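This report describes selected packing features of the structure shown below.

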Amino acid sequence: MVEKYKRQYGSGLDAQTYLGQNYFSVDRSLIPDFLRLLRDDEQFDYCVDLTAVHYPKREKQFDIFWILYSFPRNERVRVKTQIADGESLPSSVPIWPTANWLEREVYDMFGIRFDGHPDLKRILLPDGWTGHPLRKDYDILKQDKEWVQINLGIESGQ
Amino acid sequence: MERKTTERKTTDTTLPNAVSNLGASNLDLETPDKPYLDSNELILNMGPQHPATHGVLRVILKLDGEKVLGTECVIGYLHRGVEKIAENRTYTMFNPYVDRMDYCAAVSNGLGYCEAVEKLMNVEAPPRAQYIRVILTELQRIASHQLWLGTHALDIGAMTPLFYTFRDREEILKIFEKYCGARLTTHAFRIGGCQYETYAGFEKDVKNFLAFFPPKIDEYETLLTTNRIWLERTKNVGVISGKDAIALGVTGPVLRASGVKWDIRKAVPYANYSKFDFEIPVGTNGDTYDRYLVRIAEMRQSMRIVEQAVNGIPEGPIMAKVPKVIKPAVGEIYHSIEAPKGELGYFIVSDGSTQPYRLRVRPPSFVNLQALDLMVRGALVADVVAVIGTFDIVLGEVDR
């Protein structure tokens, strides 16, 4: 499978293994075609998780991960891509409906937008909140003071 | 005589007044057919303070009379930023925090986290620790299912099972308390094994429970399995097909009740589950009743695992050689376990320091809850309560 896709995509795709877990590092331009291919041709029918990691010092600040599982093959694989701050990604909701809330959470926590998402809005934090807490530049004690004071009627939530 | 005259006088004077002081009319005489109650759709807020939502879940229902046209879940009321906290604590310090996510199954959360970090460090817990872990985790699964059964039945209107399950759950919590001092947020395991050796009489207590509990499951079943009201309220309610369940990422008993025979303990064995003989109970219809049957059967299977584990528990160390300061090499790992609610995964990115660079929890309740909308469309309002209950969600885990 790996060889086939390497031949097909060339330098846009790299397959690695760490501690027995396989993952693909793919170019941003291969999303979502590659994901769709994994579902349709390789039977990765279950999107386990979708998440991001922030590297503020890098030029392309975000790593996005799709953790996929195939029921017929009993196999897990991760797909990883890099995007810059402000760049958006195509939504994978049409591929796996479960990505709906997962993408909303990534948007809520990192501020990454997914094009074509049916209802991209905050999920865990209140709608009027400013800032995306899982970015590295968001301090652990930081909060949207204005929101807290207006909506909770207290000086600070800490 | 005089009295009578006065009476007549009053009647005479008030009558014309009563007709003249009528005020303005609000009747719409132009369109007399306009109904007083129209039949538009109704938006109803259920929660966040609602006894049947198992915490602070808010469901916005769009109703046509009693029929549900659509729902939207509003969550996050219990958000504590667990993932952010993880980035600011060492691997060891973060361990107790995971207990606070699914606080009804803290032992399972701890097992998943400890195993994920162990995997990242490439160490393995010694066999004795593995056995202790399996015994406690399976007992926790039973306790979690008991709590679910009691509250789910209570939501639907059967009050008795709650008292029965809580009475029996107490026996498991007593074992936890004797083992590690806590009943709910146990922090039972450490990275590399277990901190505590079993107490004197641990095996006896577990064996006593094994003898005590099977008749109790039968007792639960006499209350519900053939109860006509229970059947009416759960059969063909909240049906989801196996295909939809997979597409929506639903896991755990909810997936198995839809006929998908998939359990991480068998599919991707962790701890030492591959050593034990047990079956994966599955349902056929994917309705609320089947999910009930699957969980009842799972309790029996967990008893089998505990029995094998407690009889085969070896002697030996309970901690692997793990450095005092945990510093995994640069890399990332995803590890998941079959928690009572479904697939509980931890995705950890290490930058080689003592703190996780990023720790992501894949909570089963959060992902399962997404299927609520599909499962209640076209159902009645009362069924929404049954379907929320059947997921066995814990809001601490949904919101983290």
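Two strands are taken to pair if DSSP finds at least two bridges between them. The model examined here is predicted.

## Sheet of chain B

Strand 1 of chain B and strand 2 (residues 58-64) of chain B are joined by five bridges in the antiparallel sense. Within this pairing, L42(B) lies opposite L63(B) of strand 2 of chain B. The open sheet of chain B consists of three strands in the order 1-2-3, with antiparallel pairing. Strand 1 (42-46) and strand 3 (67-74) of chain B are at the edges with a single partner strand each, so one side of each has no neighbour in the sheet. From one strand to the next, the twist averages 25°.

Helix 15 (residues 381-391) of chain B packs on this sheet and touches strand 1, strand 2 and strand 3 of chain B. The direction of helix 15 makes about 150° with that of strand 2 of chain B.

## Helices 4 and 5 of chain B

Helix 4 (residues 106-121) and helix 5 (residues 127-156) of chain B pack with their axes 8 Å apart, at an angle of about 140°. Helix 4 of chain B is therefore oblique to helix 5 of chain B, and their crossing is left-handed.

From helix 4 of chain B, V107(B), S108(B) and L111(B) meet R133(B), L136(B), T137(B), Q140(B) and R141(B) of helix 5 of chain B. The residues of this contact comprise three nonpolar, three polar and two charged.

## Helices 5 and 6 of chain B

The axes of helix 5 of chain B and helix 6 (residues 160-180) of chain B cross at roughly 160° and come within 9 Å. Angles over 145 degrees count as roughly antiparallel, so helix 5 of chain B is roughly antiparallel to helix 6 of chain B. The crossing of these two helices is left-handed.

Among the residues making the contact are L139(B), I142(B) and A143(B) of helix 5 of chain B, and P161(B), L162(B) and T165(B) of helix 6 of chain B. The contact of helix 5 with helix 6 of chain B divides into 13 nonpolar, four polar and two charged residues.

## Contact between chains A and B

Chain A contributes 26 residues to the contact, and chain B contributes 30 residues. On the side of chain A that touches chain B, strand 3 (46-54), strand 4 (62-70) and helix 3 (99-110) of chain A each supply at least two residues. Strand 3 of chain A gives the most to this side, with six residues. The residues of the side of chain A that touches chain B are 18 nonpolar, five polar and three charged.

Technical notes
Residues are numbered from 1 along each chain as its sequence is written. Chains are lettered from A and ligands numbered from 1 in the order in which they are written. This is a predicted model: local features need pLDDT of at least 70, side-chain atom pairs count only at pLDDT 80 or more; totals for chains, interfaces and linings use all residues. Two residues are in contact if their C-beta atoms, placed from the backbone, lie within 7 Å. Helices (H or I, at least four residues) and strands (E, at least two) are DSSP runs, numbered from the N terminus. Ala, Val, Leu, Ile, Met, Phe, Trp, Tyr, Cys and Pro count as nonpolar, Asp, Glu, Lys and Arg as charged, and the others, Gly among them, as polar. Axes are lines fitted to C-alpha atoms, for helices over the stretch in contact, and angles run from 0 to 180 degrees between N-to-C directions. Angles under 35 degrees count as roughly parallel, over 145 as roughly antiparallel, 65 to 115 as roughly perpendicular and the rest as oblique. A crossing is left-handed if the near helix is turned anticlockwise from the far one by less than a right angle, and right-handed if clockwise.
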